Amino acid sequence: MSAETVRFALFAEVFAALAHPKRLEMIHYLGERQRNAGELAELTGLSKANVSQHLSILKARGLVHCDKCGTFCHYRLTSPKVLETCEIVRQLILEQMDITTTYRQQLAEVFPLHKKSS
């Protein structure tokens, strides 16, 4: 396998980990401060078991780190670049929404090709 293929496969794995709304929500909350699974479950409305499954995916992709403190695990983002990546995607979505709105406005201003007969 070429280095390029490996690189793109790794990109795809990270984007796959980011491709779930609840995982993105957890990243948002972890961007504020470190939290435990119970806090994330309460904030997201998920069960602790479901939160743990999502956190396992994020940990496996190197986006989240777990610090054990006694019986508790405190989760945090591995890098501020995780949030920066999410912000870049948010800006891309906003740009796409602006383009779509502009095209809709332009289309609404176009006269019909033929008049309806009365």
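This is a predicted model: local features need pLDDT of at least 70, side-chain atom pairs count only at pLDDT 80 or more; totals for chains, interfaces and linings use all residues.
Which residue in β2 is the bridge partner of Cys-66?

1. Residues are numbered from 1 along each chain as its sequence is written, and side-chain values use heavy atoms, leaving out hydrogens and water.

2. Now to the opening question: Tyr-75 in β2 is the bridge partner of Cys-66. Strands β1 (residues 64-69) and β2 (residues 72-77) pair in the antiparallel sense over six bridges; strands pair if DSSP finds at least two bridges between them. Helices (H or I, at least four residues) and strands (E, at least two) are DSSP runs, numbered from the N terminus. Two residues lie between β1 and β2 in this hairpin, and Gly-70 in the turn has a positive phi of about 70 degrees.

3. Next, look at Asn-36, in the loop between α2 (21-32) and α3 (37-44). Asn-36 counts as buried because its relative accessibility is 14% (buried means under 20% relative accessible area, exposed over 50%, partly exposed in between, with a 1.4 Å probe and protein chains only). Its side chain reaches the backbone nitrogen of Gly-38 at 3.0 Å. Leaving aside residues up to four places away in sequence, Asn-36 touches Phe-72, Cys-73, His-74 and Tyr-75 (contact means heavy atoms within 4.5 Å).

4. Finally, find Phe-15 in helix α1. Phe-15 counts as partly exposed because its relative accessibility is 49%.

Technical notes. A polar contact is a pair of N or O atoms within 3.5 Å; within protein, one must be able to donate a hydrogen and the other to accept it, and residues adjacent in sequence count only if both atoms are side-chain atoms.
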